[in-house]
Structure formats: structure tokens, C-alpha cells
Amino acid sequence: GSSAVFVYGLIRAAKRIHAQLIDAVLGTTLRTLDVTPTSRFMARCTQDIRSVDGPVASEFRALVEMAAQMLVKLIAIVIVTPTFLIPSVLIFALGGYAGNVYMAGQLSVKREMSNARAPVLGHFGAAMAGLPSIRAYGAQGAFRLESHKRIDDFTRAARTFYNLNRWVSTRIDALGGLFAAVLAGYLVYGPRTTGANSIGFSLNMAVGFSGMILWLVRVYNSFEVDGNSLER
């Protein structure tokens with residue numbers, strides 16, 4: 001069924017993109033091969049192609065499924081409690097705003113993180129290949145300092161990357177908790193227009209909806225970040 005079509009499309013796309021990558025690398029000029037570090041070619045043929053082969057398609061499918069589930073939960077809440085149509089849209093808009101701010105910073109940081117990883121690997125590979133010469137000329141200290149500098153550059157970007165994750169997690173969880181708390185307070189202490197079973201159902205949908213906002217933002221961000229691998 002749909003899974004078979006998904007797998008077939010994924011395999012076909014992976015084969016075409018990989019063929020285009022190899023043609024681009026092997027068909028480039030000698031000048032490009034001289035000035036481009038080998039580690040950059042390695043990153044394109046390993047990390048980037050791995051992202052294109054798997055996560056891009058899987059995250060797109062998860063993104064569509066999650067958006068559909070959130071829409072169903074939102075419709076269920078509005079049907080049971082029509083008063084919460086405007087607050088639901090407001091919470092969704094605030095979550096989208098926080099997600100946009102997060103992704104605006106995250107994409108550039110992720111790009112810097114990916115760019116900082118290749119020099120670390122390249123320097124380590126060069127050190128391993130030229131280890132006898134390094135020891136013969138007593139250059140261990142210089143290579144160690146250069147390695148620490150490149151690792152520090154990568155760690156700085158990686159630390160910022162994970163701090164941004166915590167930033168958006170805190171705000172999205174606070175929005176979700178606020179939405180569920182306000183809805184619960186309204187249903188329990190507000191006008192008794194619905195029964196206890198409808199209140200429980202609505203609260204269950206509200207908690208699920210608020211919890212999925214964060215996952216939707218994260219999956220969309222991962223999809224957009226892995227799309228950079230396709231772009232490269």
C-alpha cells in the first residue's frame with residue numbers, strides 16, 4: 001500500500017541524488033579538487049547523503065501525519081467547546097512564532113556546526129597520516145593546539161545548538177501547559193454546558209494537542225535542517 005509506494009519513491013530518489021553527487025564530484029575541475037579539502041567531499045558523500053537517504057523522507061512523512069493529527073485534535077476541542085476556537089488559534093500562532101524564531105537561529109547555527117565538523121575530522125586524519133613526520137620534527141604541540149582550536153570552534157557551535165533546543169522547549173511547554181490549564185479551569189468552573197465525559201474528552205485532546213506543538217516544531221526544524229544536506 002502506501003508504505004510500499006513510500007519505500008519505492010525513497011529508493012528511486014536516493015539513487016538519483018547519489019548519482020548526481022558522484023557525477024558532480026568526479027566531473028569537477030582539477031582546480032576544485034586542489035582547493036577543496038578532502039574532508040568536505042567526505043562529508044558530502046557520508047553525512048549529507050545519509051541525511052538525504054533516510055531522515056528527509058521520514059521526517060516529511062512524520063510532518064504530514066503530525067499536522068493531520070493536530071488538526072483533528074483541534075477540531076475535536078472546538079466541537080466540544082466552541083468558546084476555545086480563538087484561544088486555540090492564538091496558542092497555535094504563538095507556538096508558530098516561537099518555532100519561527102527558533103528555526104531562524106537554528107538553521108544558521110546548524111550550518112556553522114556542520115562546517116566546523118569537517119575541519120576537526122580533516123585535521124585529525126592529516127595528523128594520523130603524518131604522525132612519523134610530526135614526531136620527527138617535534139611538532140606535537142603545534143598540532144595539539146590547532147586540534148584544540150578546531151574542537152573549540154565546533155563545541156561553541158554545538159553548545160549554542162543545544163541551548164536553542166532548550167530555549168524553544170521551555171516556551172512551547174509553557175504555552176501547552178497554559179492552554180491545558182485555562183481550558184481545564186473553564187470547563188470545571190465555567191458554565192456547565194457539557195457533561196463530565198465531554199470535559200474529560202476535551203481535556204485529553206487539549207493535552208495531546210499542546211504536547212504535539214513542540215514535536216511539530218522539532219520535526220519541521222529537523223526536516224528543514226536535513227534539507228540543507230540536500231541543498232549542499
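View 1. Asp 153 has a relative accessibility of 32%, so it counts as partly exposed (buried is under 20% relative accessible area, exposed is over 50%, and partly exposed is in between, using a 1.4 Å probe and protein chains only). Its salt-bridge partner here is Arg 156, with 3.1 Å between the closest N and O atoms; a salt bridge needs a side-chain nitrogen of Lys or Arg within 4 Å of a carboxyl oxygen of Asp or Glu. Both residues sit in helix α7, 3 residues apart, or about one turn of the helix. Arg 156, at 53%, counts as exposed. Shared partners tie Lys 149, Asp 153 and Arg 156 into one salt-bridge network. Helices are DSSP runs of H or I with at least four residues, numbered from the N terminus.

A quick word on the model: this is a predicted structure, in which local features need pLDDT of at least 70 and side-chain atom pairs count only at pLDDT 80 or more, while totals for chains, interfaces and linings use all residues. Residues are numbered from 1 along each chain as its sequence is written, and side-chain values use heavy atoms, with hydrogens and water left out.

**View 2. Arg 150 and Glu 146, also in α7.** The closest N and O atoms of this salt bridge are 2.8 Å apart. The two residues are 4 places apart in the helix, about one turn. Arg 150 is partly exposed at 27% relative accessibility, and Glu 146 is partly exposed at 29%. The salt-bridge count comes to 4.

**View 3. Arg 61 and Glu 65 in helix α4.** Here the side chains meet in a salt bridge at 3.5 Å, N to O. Again the spacing is 4 residues, about one turn of the helix. Arg 61 is partly exposed, with a relative accessible area of 30%; Glu 65 is partly exposed too, at 41%.

**View 4. Glu 59, a buried residue of α4.** Helix α4 covers residues 55–80. Its 26 residues reach 37 Å from first C-alpha to last, close to the 38 Å expected at 1.5 Å a residue (the expected span is 1.5 Å times one less than the number of residues). Glu 59 has a relative accessible area of 16%, so it counts as buried. Leaving aside neighbours within four places in sequence, Glu 59 is in contact with Val 219, Ser 222, Phe 223 and Asp 226; contact means heavy atoms within 4.5 Å.

**View 5. Phe 209 in the largest nonpolar core.** This core has 34 residues, and Ile 77, Phe 179 and Phe 209 have the most contacts inside it. The elements giving it two or more residues are α4, α5 (85–129), α7 (140–189) and α8 (196–231). A nonpolar core is a set of buried Ala, Val, Leu, Ile, Met, Phe, Trp, Tyr and Cys residues joined through side-chain atoms within 4.5 Å. Not counting residues up to four places away in sequence, Phe 209 touches Met 70, Lys 73, Leu 74, Ile 77, Phe 92 and Phe 179.

View 6. Ile 75 belongs to helix α4 and, at 44% relative accessibility, counts as partly exposed.
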